[in-house]
Amino acid sequence: MLPTLRTVDDLTPEAVTSLMQAHFPGTDIATATATTVHQGTSTHVHLDLTYAGDRPAGAPDRVFVKTQLTTVDDLPEGFTEALGDGGTAVSMLLA
């Protein structure tokens, strides 16, 4: 089950590990440090990653996360439904 992400603080090593498992089985993230956060109608976060143990082949040291986090609650009425299921949508670019 994928984690529910509501704030940047929810992008824990455990949450990022869970998100990356589908692409990099055996991934175990030790740290996920937010280096850049941009808040708009969606939240953009760059995370620098370190791995516990061996890093799976091809796994990145940095990822870009785009999600609605808490911004969905700040939008005018009507936008919430248009943006998804209340702030739980998330996309991650493995760069």
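Two residues are in contact when heavy atoms of theirs lie within 4.5 Å. Keep that in mind for the legends below, which all show a predicted model.

**View 1. The whole protein, with its contacts along the chain.** Take the contacts in the protein with a separation of 6 or more: 43% of them join residues 24 or more positions apart. The protein has 2 helices and 4 strands.

**View 2. The protein's surface.** What share of the 95 residues is buried? Buried residues come to 29%.

**View 3. Threonine 35 in its strand.** Here we zoom in on threonine 35, which sits in strand β1, the stretch covering residues 29-39. Is threonine 35 buried, exposed or partly exposed? Its relative accessible area is 39%, so threonine 35 counts as partly exposed, a label for values between the 20% and 50% cut-offs.

**View 4. Who threonine 35 touches.** Leave out residues up to four places away in sequence, and threonine 35 touches His46, Asp48 and Arg62.

**View 5. Threonine 35 meets arginine 62.** These two residues are 27 residues apart along the chain, and their C-alpha atoms are separated by 9.7 Å. What kind of contact do the side chains of threonine 35 and arginine 62 make? They make a polar contact, at 2.8 Å. For a pair of N or O atoms to count as a polar contact, the cut-off is 3.5 Å.

Methods: Residues are numbered from 1 along each chain as its sequence is written. This is a predicted model: local features need pLDDT of at least 70, side-chain atom pairs count only at pLDDT 80 or more; totals for chains, interfaces and linings use all residues. Side-chain values use heavy atoms; hydrogens and water are left out. Buried means under 20% relative accessible area, exposed over 50%, partly exposed in between (1.4 Å probe, protein chains only). A polar contact is a pair of N or O atoms within 3.5 Å; within protein, one must be able to donate a hydrogen and the other to accept it, and residues adjacent in sequence count only if both atoms are side-chain atoms.
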